[in-house]
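Me: I am new to this structure and would be grateful for a guided introduction, taken one question at a time.

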Amino acid sequence: MKKTTPFPLCVLAAFALGATEPSLEIVATSTNLVVTEHVQVSLVLKLPPVPGAYAEAQPPFLNQRAPHVTCSFLEGEWKSEALDRGDPRVPLAPDQMPRRGGRSGPAFTLNNYVTDSLSAMMDDPFDMFDGMDPFGRLGPKRQLFPFKVGREADKGWRLEIAVAPWRATAPGTVRLDPVTVEVPLITGVRRGRDRFNRAVDAPVLSNVVLRTAPLTLTVAEPPAAGRPASWCGAIASNLTVSATLDAKVCTAGDPLTFTLEIAGAANPSSVYPPDFSNAFTGSIFRLDAASLKTETLSASRRFSWRIRSVKAGTVEFPSLSVSYYDLDRRAYVTRTTESIPVQVKAGLQVVLTDDDGGEEFPLPDGIDLDPRGAEARPLLPHLALAALLFLVSPVLFLCIRFAPPVRRRISAYNAAYRKARAFGVCRRALKSRNAARRAAAIRKFFTVRYGVNGAAVTAADAQRLMSPDYSEEDVALVVTNLQTHDAQVYSAKPGAGVVALLLAAGLCLGGAAQDASDAARAAFSYKRASSLAVQAADEAGFRRAADAYRDCLDAGADNATIYQNLGACLLLSGDARGARAAFDCAERRGGETSSTARGLRAALARQTNNPRAELSPARIFLKPHVSWSVDTRLVCAAAVWAFLWLVALLPAGALRRFLLTACLVAFCAASISVGVSLVEEHHGTEVLHAQK
């Protein structure tokens, strides 16, 4: 039989070997945190080595009950403004659930958490009876947390339990209250017998209560000292930055989409794009800062801008610098994107540059060299169609509602009336000196009175038809006039009609020649104005180009392209008010586009002397008013008007009332929108002509 040393001698031997008292402490991966940094809080239990037969035995594993931890900052009601943590009572994953006996080892139990259901207690069939009171009622079940067991340098034991993975959310100080642990330790050895009645040595266990000191965590923002201008607000251990263009071959003046993706930040939603204005100074690419779009992904943030090239050639998109705060180095680190080669071809648009030191102000899009800019596209090209829709719908409604019975009665009455008074009307018309009128009256008389083709009636036919009904005097009057008319028709000169046709053709050709002349004049004026705009380098040059575009308007060229180019030239010539009126005219003809929106924003910035001026928020709520051209809105109003009359044909009821109300509201809104645009067009035209 193996001899064992009593407990007091074991303790003396342990101290002789340099062991320390059992201890417990709260350990964090870092006590000085940065916002968005993650921190792991753990409890570390150190136990002295046990000599003798149980030197290699893990002390907690000798007990059938898990050591219990009482921790206030892991209670459900504990809150902190500087730290964000989840619910500590969330069940563990199946592979992490502790088991007992010959299976996986025990675990700490943490506080007293009530389970969600009885089924949550059934991992061990006998475990549900651990918390019963004498009256057979189930008490609260403790949450299980697995721990790691390892050896210390002095051969003691180190037990570590990770209890709180947290994330710092805001600057502040957090105090973690002391934690209490009740753990079983070997206090001696006793003689006992096993299941086969053999004498064995068994350890004597005693529960020891340990208490930690409080722990203070400090959360702060990254230091302002040494912060680079290219900082993007990211805090990470390894940030990656990538830049891409949607095309590497483009035409000068065409918009490209530049995308910057920043990945690896601890909190992607806190990342923002740096200011790249200095990077694009002197570059042949111009970045539209107002076109920024942001997209937050699961582990990254993506930013996209619209850029334009100033000139053609094989060029390089510049590399950009993005800085972040490195958690490992505790310092700022800068990443640089790679430059991108781009092939830029000469195109139909010339990008404008401002050489007057006004780079902080937004600029309009370039001069559009599209030859279709000389075409005449008036503000209301669909006026005839809209008028037709406005008139046809009520007429159709009236015809459907009232035409059938009225038509039958009126037709019968008119037939009888015309038949009875046909000869009286004809007799009065025969007194006229106009031969054509007399002939028309005779033909109408025979058509109405006898139902024959009046144009084919001859003098003999008239004698035969009228003799039974009228006197010889009346018959002679009609026959004589009919013979006279036939003689004049057959004796007419055959060349008169040809002369008339030639005259009409000449007038048409003259009109076509006049139209062709106006179109050629407008095309010449447009080319001259575009040439002046491309060559302009100062305010005087842009002013001459603006005057040339006004000449295009006077020549009959009326479209969105001309007003867009006119607005750009007026803006760079110093006339922000006229530029805004021109961009408004372009928007009314072609609807809102990225070019018109950028031009209006640039004109407003110059008018208010505020580079960051934004357009009115009312444009968002009145989107159809600015997105659709005037002719489109007018046709929509006419279509709603026509549908309104069709809805009026429905039977009376709730559906009819609803549709009528909706149509009236839509028609009034469209009509007001068109009316406001026409008034604005009048004022805008006055502004443009007043500046000339």
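**The chain and its helices**

Of the chain's 692 residues, 38% count as buried. The model is a predicted one.

Me: How many helices and strands does the secondary structure of the chain come to?

Reply: The assignment covers a chain of 692 residues. Its secondary structure comes to 14 helices and 25 strands.

Me: What is the mean pLDDT of the chain, and which stretches have a pLDDT below 50?

Reply: The mean pLDDT of the chain is 74, with 74% of the residues reaching 70 or more. The pLDDT is below 50 over residues 115-140, a stretch that has 24 contacts in the model beyond near neighbours in sequence. Where pLDDT is low, the predicted coordinates should not be read in detail.

Me: Among contacts between residues at least 6 apart in sequence, what share joins residues at least 24 apart?

Reply: The contacts considered here are those in the chain between residues at least 6 apart in sequence. Of these, the share that joins residues at least 24 apart is 69%.

Me: Is α9 roughly parallel or roughly antiparallel to α10?

Reply: Helix α9 spans residues 576-590 and helix α10 spans residues 594-608; their axes come within 9 Å and cross at roughly 160°. Angles over 145 degrees count as roughly antiparallel. Therefore α9 is, relative to α10, roughly antiparallel.

Me: By class, which residues make up the contact of α9 with α10?

Reply: On the α9 side, the residues that meet α10 include Ala 576, Phe 583 and Glu 587. On the α10 side, they include Leu 600, Ala 603 and Gln 607. By class, this contact of α9 with α10 has seven nonpolar, three polar and five charged residues.

Me: Where is Asp 154 found, and is Asp 154 buried or partly exposed?

Reply: Asp 154 is found in the loop between β8 (148-151) and β9 (157-168). The C-alpha atoms of Asp 154 and Pro 48 are separated by 8.2 Å, although these residues are 106 residues apart along the chain. Buried means under 20% relative accessible area. With a value of 34%, Asp 154 is therefore partly exposed.

Methods. Residues numbered from 1 in each chain as written. Predicted model: local features only at pLDDT ≥ 70, side-chain atom pairs only at ≥ 80, totals over all residues. Heavy atoms only, no water. Axes fitted to C-alpha atoms, helices over the stretch in contact; angles between N-to-C directions. Helix = DSSP H or I, 4+ residues; strand = E, 2+ residues; numbered from the N terminus. Parallel < 35°, antiparallel > 145°, perpendicular 65-115°, else oblique. Contact = heavy atoms within 4.5 Å. Nonpolar A, V, L, I, M, F, W, Y, C, P; charged D, E, K, R; others polar. pLDDT = per-residue confidence, 0-100. Buried < 20%, exposed > 50% of the residue type's maximum accessible area, 1.4 Å probe, protein only.
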